[in-house]
Each structure stands twice: as C-alpha cells, then as structure tokens.
Amino acid sequence: MVNFTRKPRYDYADLLEIIRLLRSPEGCPWDKAQTHASIRRGLLEESYEAAEAIDLDDAALLQEELGDVLSAAVKVGRFAEVDPETAIASTCEKFIHRFRAVESGAQGRPLETLTPEEMTELWNRAKRF
C-alpha cells in the first residue's frame, strides 16, 4: 500500500509526489496490470464523455472530462514509453512554430480579419513545414 499524507488542498509538488509513488515498484497494482488493449476502452470512454459535455454546452463538465481525457492520454503515452512532459513541450513548440507561420503568411493583416478559409489555408501550409 502506498502511503500518502491526506491534505485539504494539494499543490504541484504533491502531484509530482503522487506520480512518483504510483510509478514506483510499490505503486498501484491496477496500473501495473494495464495493457494497451485495456486502456483503449478507458481512453475512448473519457473522450465520449468530453464530447457529451461539449454537446451539452456544459463548461464545468467539459473541464472535468478533459481532465480525465488528459491522466488517459498520459497513461497511453507511458505505455508507449513516451515521456508526457517532453511530448507536450514538443507539441507546444510545434504549435508555436505553426502559429508564427500563419501570422507571417497573413502578411501583416490582423488574423481576426481573415476568413475561416484563409486561416485554414495558412494553417495547412504551415503544417507542411
């Protein structure tokens, strides 16, 4: 059994400690038993719940469900031996690079003046590089 101090409020350091504990050899037996196939269903379930929150236009529920879609994608990444922090940093850098390319492609025009079609074209062009 993992020993963790209960508190009324947790911070980022606590999150890191929980992750360390769960990933340790003494960690969560349920996590250890998971396979790619077993986590597939959970990822799909959480994604459908997030989609339902969108359909209901329920921002609070969406926030909760996107949080769930996140600790399942992280789990998938861990099984694929992908470091989630490195992956998200890389994804953010790719997005920043593409967004700058969109801004450059707009040739000084404010982005809010572009049509959706123009934005899509600039975004697709940025993805090619």
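Which helix do Phe95 and Phe99 both lie in? I started my notebook with that one, bearing in mind that this is a predicted model. I found both in helix 6, which covers residues 84-105. They sit four residues apart, about one turn of the helix.

**Entry: the rings**

I searched the whole structure for aromatic pairs and got two. In one of them, the ring centres of Phe95 and Phe99 are 6.0 Å apart and the planes are at 20°, so I put this pair down as stacked. Next I looked at Phe95 with Trp123, and that pair is tilted, with 5.5 Å centre to centre and 50° between the planes. This one links distant parts of the chain, since Trp123 is in helix 7 (residues 116-127), 28 residues from Phe95 in helix 6. I noted Phe95, Phe99 and Trp123 as one aromatic cluster.

I then checked accessibility. Phe95 comes out at 46%, so it counts as partly exposed. Phe99 is partly exposed too, at 30%, and Trp123 is partly exposed at 25%.

**Entry: two packed helices**

I moved on to helix 3 (residues 36-55) and helix 4 (residues 59-69), which pack at about 160° with axes 8 Å apart. Over 145° counts as roughly antiparallel, so that is what I wrote for helix 3 and helix 4. Their crossing is left-handed. I listed the contact residues, including Leu43 and Ala50 of helix 3 and Leu61 and Val69 of helix 4. By class, I have eight nonpolar, one polar and four charged residues there.

**Entry: Gln63**

Is Gln63 buried or exposed? I got 64% relative accessibility, so Gln63 counts as exposed. I located Gln63 in helix 4.

Terms used. Residues numbered from 1 in each chain as written. Predicted model: local features only at pLDDT ≥ 70, side-chain atom pairs only at ≥ 80, totals over all residues. Heavy atoms only, no water. Axes fitted to C-alpha atoms, helices over the stretch in contact; angles between N-to-C directions. Parallel < 35°, antiparallel > 145°, perpendicular 65-115°, else oblique. Left-handed = near helix turned anticlockwise from the far one by under 90°. Contact = heavy atoms within 4.5 Å. Nonpolar A, V, L, I, M, F, W, Y, C, P; charged D, E, K, R; others polar. Buried < 20%, exposed > 50% of the residue type's maximum accessible area, 1.4 Å probe, protein only. Phe/Tyr/Trp six-rings, centres within 6.5 Å; stacked < 30°, edge-to-face > 60°.
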